Amino acid sequence: MATVQFAEVKKSFGAFPVIKGVNIDIEDGEFVILVGPSGCGKSTLLRMLAGLENISGGEIRIGGRQVNNLPPKERDIAMVFQNYALYPHMTVAKNMAFSLMLNSAPQAEIDKRVNYAAGILGLTNLLDRYPRQLSGGQRQRVAMGRAIVRDPQVFLFDEPLSNLDAKLRVAMRAEIKELHQRLKTTTVYVTHDQIEAMTMADKIVVMHDGRVEQIGSPLELYDRPNNLFVASFIGSPAMNMIKGRLDPQDPMHFVAKDGTRLPLTRAYANAAGRDLVYGLRPEYIRLDPNGYSVPVVVTEPTGYETQMVVQFGGAEVSCVFRERIPARPGENISITIDAEHVHLFDEQTGMRLTA
Amino acid sequence: MTMPSSAGQNAPQRSLGARLGNNRDFLGFLFMLPAAVFLLCFLTYPLGLGVWLGFTDTKIGRDGIFIGLENYQFLWSDSVFWMSVFNTVLYTTVASVLKFALGLWLALLLNEHLPFKSFFRAIVLLPWVVPTVLSALAFWWIYDAQFSIVSWSLMKMGLIDAPINFLGDPTNARASVIAANVWRGIPFVAISLLAGLQTIPASLQEAASLDGASSWQRFRHVTLPMLTPIIAVVMTFSVLFTFTDFQLIYVLTKGGPVNATHLMATLSFQRAIPGGQLGEGAAIAVAMVPFLLAAIMFSFFGLQRRKWQQGGGD
């Protein structure tokens, strides 16, 4: 187990920069998830940590030791690949034992560690199978077993669940989290799925376009997104963004482009006269007979809750209600806003405004 | 409820051609016919004729009669024939081993990230693209007893005093034709193995290097085992091509000196056409069949899907 630090890490392919100065501190035993859209550089950053890509600038440290120029095999890390990268010509047992075999570990030690890992992951009956004979979830577990057997300082996961079907993904999510709680090995995990990030991470690093947008615990990111990118990326359904300005006469109200007046609970400095975005999460919209009357565009009952898209403030706004609502598209419902949970962003800079 | 009327009764009687045109079996036969005729004319007939000629005493200009195994009895006690068998086996073995080793090495090099990669890949194919006779003529010149560029260079460097007698000495001649064959055969092996290498996912190499494998260990434990199915195919073809080689030898040495480079294919031609003994030449050619069958059987069993290649299912 070890800490991991990225300090001003940069990477370019030719003249094209893909990582533009990244700083991340990962504590010993922490489960950190790098999340962001495709092409944001998260996988490249992970591969740089693994030693599979060289570093154009800055410093990466594992356990306080600079590893910039160390080859992968000297970094004492294990990685689970998106396609699992199991050796197709080796049985499950040999796949897991491969690294120990290369280190000329005694056979008794190899057997002990392989059986231990297989026991944890429920692979004991599959040790003589070849990867081709396994299901996706089983292959995923073998890939994790190969990492566990190593007992490395850091686990790396590169989108490990994206090749699995939805149901299995939820199950494996819980399994990986449980595994981390059991082994307490520092883990860096890359995904583009914000739900994976929210459910599994101790700490989330949101990346966009080669930069870190925000680092924080899942709920910190959810409750206090630094900017429009994080606000729209974290949360499902996504945060609603209504464009407009402060009311010049009444700074405690926001006026949307179509003239709808929306409440604020705080006075924001430096907000007057600027183009603003009123950020409102779907669950902070409630039904209220005395509220705004808005037309329904789409309704999606899930049984547990009702998701709706309504026309409001000049935009299509998603709402999530606990109630079951009979209203059909075209009909109107009355809603109100939980103004306590509203975020205000500067449209130009994208930054969150503070009161 | 009315009975549906039978189509056969009400429909107008169709012509024989129209009915055959709708018959799947007949159409299938029709579409297969050109290929079958082609194979019969150009594969089965010459092969059958060759086997038949081997049992006759046919000479050029004279129809032969059936003489049973007489040709084979004669060959059994013919030292030149046995020399050609030895030469063919030696030629095939040494050339195939060299082609495999050098071809694999070249494929591994070309699989790395080199500058001008596609240019080098194209260059590697050249020896294979050039017509055999043309490259054989070039080698003939390179191996010339007086004007060889190899001898000339070595003499200029002061390594030897007199030109090397490449094609005049039995041992030198054998080595020379093998070298020429290797030069020609490497591209096929290299490019085929390169194609095989590219089917090995990069993440396997990365996983192995994270597992602590050195580059030799990665080759030994990941690349080579995953390449074996393709190696089996490529080397089978390479062995078949080498075993039946004719052009190179015929241009370079015509089997000489003193039959030291006669292969079964060149001896067969030599006896049958310039020598006029069609029956005997055919018998030599037929004698190659067991060797070729052995190579094919080897690949057939070598190529059987390994356990790890088999798909799902318990």
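Because the model is predicted, local features need pLDDT of at least 70 and side-chain atom pairs count only at pLDDT 80 or more, while totals for chains, interfaces and linings use all residues. Residues are numbered from 1 along each chain as its sequence is written, and chains are lettered from A and ligands numbered from 1 in the order in which they are written.

**Chain A overall**

- Taken along the principal axes, the box filled by the C-alpha atoms of chain A is roughly 80 × 45 × 35 Å.
- Chain A runs to 355 residues, and 38% of them count as buried (20 or more other C-beta atoms within 10 Å of a residue's own; 12 or fewer is exposed, in between is partly exposed, and C-beta atoms are placed from the backbone).
- If you take contacts in chain A between residues at least 6 apart in sequence, 65% join residues at least 24 apart; a contact here is two C-beta atoms, placed from the backbone, within 7 Å.
- An unreviewed UniProt entry puts "domain: ABC transporter" at residues 4–234 of chain A; UniProt positions are in the numbering used here, feature names are shortened, and annotations may be inferred rather than shown by experiment.
- That stretch, residues 4–234 of chain A, is 38% helix and 26% strand, with its end C-alpha atoms 24 Å apart.

**Helix packing in chain A**

- Two packed helices are described by the angle between their axes and the distance between the axes. The axes are lines fitted to C-alpha atoms, for helices over the stretch in contact, and angles run from 0 to 180 degrees between N-to-C directions.
- Helix α4 (residues 136–150) and helix α5 (residues 166–183) of chain A pack at about 15°, with axes 11 Å apart. That makes α4(A) roughly parallel to α5(A) (under 35 degrees is roughly parallel, over 145 roughly antiparallel, 65 to 115 roughly perpendicular, and the rest oblique).
- On the α4(A) side the contact uses A:G136, A:G137, A:Q140, A:M144 and A:I148, and on the α5(A) side A:L168, A:M172, A:L179 and A:L183.
- By class, the α4(A)–α5(A) contact has 6 nonpolar, 3 polar and no charged residues (Ala, Val, Leu, Ile, Met, Phe, Trp, Tyr, Cys and Pro are nonpolar; Asp, Glu, Lys and Arg are charged; the others, Gly among them, are polar).
- The axes of α2(A) and helix α3 (residues 107–121) of chain A come within 10 Å and cross at roughly 135°, and are therefore oblique to each other.
- The α2(A)–α3(A) crossing is right-handed. Here A:A93, A:M96, A:A97, A:L100 and A:M101 of α2(A) meet A:I110, A:R113, A:V114 and A:A117 of α3(A), a set with 8 nonpolar, no polar and 1 charged residues.

**Backbone details in chain A loops**

- The A:S236 to A:P237 peptide bond is cis, with omega near -5°; A:P237 sits in the loop between α8 (228–233) and β11 (240–246).
- A:D76 is a non-glycine residue with a positive phi, near 55°. A:D76 is in the loop between β5 (65–66) and β6 of chain A and counts as partly exposed, with 19 C-beta neighbours inside 10 Å.
- A:K184, also not a glycine, has phi near 55°. You'll find A:K184 in the loop between α5 and β8 (186–191) of chain A, partly exposed with 13 other C-beta atoms within 10 Å.

**Where chain A meets chain B**

- The contact takes 20 residues from chain A and 19 residues from chain B.
- On the chain A side, the elements giving two or more residues are β6 (77–80) and α2 (92–102).
- That chain A side has 13 nonpolar, 5 polar and 2 charged residues.

**Chain B**

- UniProt (unreviewed entry) lists "transmembrane region" at residues 26–45, 89–110, 122–143, 185–204, 224–243 and 282–303 of chain B.
- Residues 26–45 of chain B are 100% helix and 0% strand, with end C-alpha atoms 25 Å apart.
- Residues 185–204 of chain B are 85% helix and 0% strand, with end C-alpha atoms 30 Å apart.
- In helix α13 (residues 264–272) of chain B, 9 of the 9 residues are buried, so α13(B) is largely enclosed by the rest of the structure.
- What covers the buried residues of α13(B) includes α5 (79–111), α12 (247–252) and α14 (278–302) of chain B.

Definitions and conventions
Helix = DSSP H or I, 4+ residues; strand = E, 2+ residues; numbered from the N terminus. Left-handed = near helix turned anticlockwise from the far one by under 90°.
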